Amino acid sequence: MTEIDLQKLPGHIAIIMDGNGRWAQKHAMGRIAGHKKGAEAVRLTVRACREIGIKVLTLYAFSTENWLRPSGEVKALMRLLEEYLRSEIQEMLENGIRLTTIGDTEVLKKPMKTILKETIAKTAHNLDMTLNLALNYGGRDEIVGAVQDLLNDIRRGTLAEQDVTKDLFSRYLDTAGLPDPDLLIRTSGEYRISNFLLWQSAYTEFYYTDVLWPDFNRDELFRAITEYQRRERRFGLTSDQIHGGRQE
Ligand code: IPE
Ligand code: IPE
Ligand code: MG
């Protein structure tokens, strides 16, 4: 087992959970069976994050582009998500986990909206960890929505143009109140961002693995964190500056 330094944990981990379909294909099953197994990997990952003290975990569950998949698959994904929430609420309450979402959940079907609302309300007081689900989420939609809200506030006179800064803009995004992700994991050997957290990942460390999401687990998570801890985050500075070394 890899050693992780509990003093240097990423505060916010974001995951693009990819590869359910290919996992199913590899096991001669239908795509939906892959999503079902993927939900198991979500459980293991949430537990492992909670166990070591990760403060925020954002999971990309459904993108604005995923609506274009075959309708049977979309329905099954929504059903699985609903089942997941119903089955996890107790564990979230017992473990101090708060549920939040990013993305437009208004357009989701009634039963899904109801269970989301209920879980968010019931877990709102939990402080140990935030499980943030990206649901009907797209980074570009999020940015355009923020611009629209901001323009509205300027028009109404509650915001002055000169007060628009990066920090203020961040507060108009769905992730308002959450720190930017420190580590972004993408499974299944794809090297792209797929419209996820475009603004927030400006200085995020990216970690890619060939492991397909349904095979992801505690060990894989710890591997990603270990790799993260080996990196030097420079934020545009020099290595010397980071280490407080000699400077001209
Ligand atoms: C990720 O797995 C799940 C969602 C996007 C909802 P995929 O379904 O994208 O799996 P692949 O990429 O087809 O293998
Ligand atoms: C990204 O995976 C979205 C989610 C994991 C929910 P996709 O499988 O939809 O991404 P692309 O299409 O390969 O870029
Ligand atoms: Mg995919």
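This is a predicted model: local features need pLDDT of at least 70, side-chain atom pairs count only at pLDDT 80 or more; totals for chains, interfaces and linings use all residues.
**View 1. Histidine 27 sits in the loop between helices H1 and H2.** Helix H1 covers residues 20–26, and helix H2 covers 31–52. Histidine 27 has 36% relative accessibility, so it counts as partly exposed. A polar atom of the histidine 27 side chain lies 2.8 Å from the backbone oxygen of tryptophan 23. Valine 144 is 117 residues from histidine 27 in sequence. In space, the two C-alpha atoms are 40 Å apart.

**View 2. Helix H3 packs against helix H4 in a left-handed crossing.** Such a pair is described by the angle between the axes and the distance between them. H3 spans residues 71–94 and H4 spans residues 110–123. Their axes come within 10 Å and cross at roughly 20 degrees. That angle is under 35 degrees, so H3 and H4 count as roughly parallel. H3 contributes Met78, Leu81, Glu82, Leu85, Arg86, Ile89, Met92 and Leu93 to the contact. H4 contributes Pro111, Met112, Ile115, Leu116, Thr119, Lys122 and Thr123. By class, the contact has 10 nonpolar, 2 polar and 3 charged residues.

**View 3. Threonine 58 is a buried residue of strand E2.** The strand runs over residues 56–63. Threonine 58 has 1% relative accessibility, and therefore counts as buried. Its side chain makes a polar contact of 2.7 Å with the side chain of histidine 12. Another polar contact, of 3.1 Å, joins the side chains of threonine 58 and asparagine 132. Beyond its neighbours within four places in sequence, threonine 58 is in contact with His12, Ile13, Ala14, Ile15, Ile102, Asn132, Phe196 and Leu197.

Methods. Residues are numbered from 1 along each chain as its sequence is written. Chains are lettered from A and ligands numbered from 1 in the order in which they are written. Side-chain values use heavy atoms; hydrogens and water are left out. Helices (H or I, at least four residues) and strands (E, at least two) are DSSP runs, numbered from the N terminus. Buried means under 20% relative accessible area, exposed over 50%, partly exposed in between (1.4 Å probe, protein chains only). A polar contact is a pair of N or O atoms within 3.5 Å; within protein, one must be able to donate a hydrogen and the other to accept it, and residues adjacent in sequence count only if both atoms are side-chain atoms. Axes are lines fitted to C-alpha atoms, for helices over the stretch in contact, and angles run from 0 to 180 degrees between N-to-C directions. Angles under 35 degrees count as roughly parallel, over 145 as roughly antiparallel, 65 to 115 as roughly perpendicular and the rest as oblique. A crossing is left-handed if the near helix is turned anticlockwise from the far one by less than a right angle, and right-handed if clockwise. Contact means heavy atoms within 4.5 Å. Ala, Val, Leu, Ile, Met, Phe, Trp, Tyr, Cys and Pro count as nonpolar, Asp, Glu, Lys and Arg as charged, and the others, Gly among them, as polar.
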